[in-house]
Amino acid sequence: MKKMLFISSRPLFPVIGGDQIRTVQQLELLQERFKVDVIYLTPDSTDEDISRHLKGIENIFRFQISRRTHILQTLRAMFNRLPLQVNYYYNKKAARKIEEIIGNYDAVFCNNIRTAEYVRKKRGITKYLDFVDAISMNYDKARHEAKGLKKLIYEIDYKRCKAYEQKCLESFDSCAVISDIDNKYILSCQK
């Protein structure tokens with residue numbers, strides 16, 4: 001059976017929201033076709049044990065990242081063109097671990113664009129990405145309604161997300177999105 005690395009920007013359990021339901025269901029489906037290992041980021045010192053809920057996950061790599069570290073990571077956006085939330089979730093320790101183990105896998109699955117940067121430029125491995133939503137579309141709406149600093153932040157991240165979503169479309173072998181509206185929006189932004 002082929003091996004897959006599943007990268008999540010947050011703990012999978014306890015399931016408390018629709019995005020987590022989607023992520024856990026995807027993971028369950030992927031386990032039918034792949035031997036799956038999971039890597040995820042968490043702000044908590046303890047998490048509910050994934051292996052208790054999902055049998056067959058052999059390796060779980062957990063990276064505890066404090067809110068302070070997340071905020072510092074976001075400041076990198078002053079020096080790059082990545083969306084703020086990609087910077088927020090891109091952790092160098094997690095990136096080093098992925099770099100160390102990626103050769104052991106046939107495929108990798110990123111549960112949203114927040115985790116895409118870990119493998120976006122990788123070659124020689126099948127890459128899957130779940131956009132979930134067209135984040136640029138959400139920011140496009142928000143930037144017209146926001147005021148002050150929020151308006152500026154939404155304006156900047158709208159442009160960055162729009163460009164980044166297109167880079168991801170080009171970089172990943174297969175991408176999914178939750179609705180036809182989001183799908184049409186992402187595709188309409190192609191050059």
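Predicted model: local features only at pLDDT ≥ 70, side-chain atom pairs only at ≥ 80, totals over all residues.
Let me start at one helix contact, where Ser136, Met137 and Asp140 of H7 meet Ile181, Asp182 and Tyr185 of H9. By kind, the residues of this contact of H7 with H9 divide into 3 nonpolar, 1 polar and 2 charged. Helix H7 covers residues 135–145, and it packs against H9 at an angle of about 90°, with the two axes 8 Å apart. Angles of 65 to 115 degrees count as roughly perpendicular, and H7 and H9 are therefore roughly perpendicular to each other.

H9, which runs over residues 180–188, has a further contact to consider, with helix H8, residues 148–171; the axes of H8 and H9 come within 9 Å and cross at roughly 90°. On the H8 side the contact is made by Tyr158, Glu165, Gln166 and Leu169, and on the H9 side by Tyr185, Ile186 and Leu187. Sorted by kind, these residues of the contact of H8 with H9 are 5 nonpolar, 1 polar and 1 charged. Please note Tyr185, which is named in the contact with H7 and also in the contact with H8.

Let me turn now to helix H5, residues 92–101. Which residues of H5 are buried? They are Ala94, Ala95, Ile98 and Ile101. Viewed down the axis of H5, these buried residues fall within an arc of 140°, and so they line one face of the helix. As a reminder, an α-helix has 3.6 residues a turn, so residues three or four places apart point the same way. On the other side of H5 we find Lys92, Lys93, Arg96 and Glu100, which are exposed. As for what covers the buried residues of H5, the cover includes strand E1 (3–8), strand E2 (35–42) and strand E3 (60–64). At the N-terminal end, H5 is capped by Asn91, a side-chain oxygen of which lies 3.0 Å from the backbone nitrogen of Lys93.

If we leave aside the neighbours within four places in sequence, Arg22 is in contact with Asp130, Val132, Ala176, Val177 and Ile178.

Technical notes. Residues numbered from 1 in each chain as written. Heavy atoms only, no water. Contact = heavy atoms within 4.5 Å. Buried < 20%, exposed > 50% of the residue type's maximum accessible area, 1.4 Å probe, protein only. Helix = DSSP H or I, 4+ residues; strand = E, 2+ residues; numbered from the N terminus. Arc of directions from axis to C-beta. Polar contact = N/O pair within 3.5 Å; in protein donor to acceptor, adjacent residues only side chain to side chain. Axes fitted to C-alpha atoms, helices over the stretch in contact; angles between N-to-C directions. Nonpolar A, V, L, I, M, F, W, Y, C, P; charged D, E, K, R; others polar. Parallel < 35°, antiparallel > 145°, perpendicular 65-115°, else oblique.
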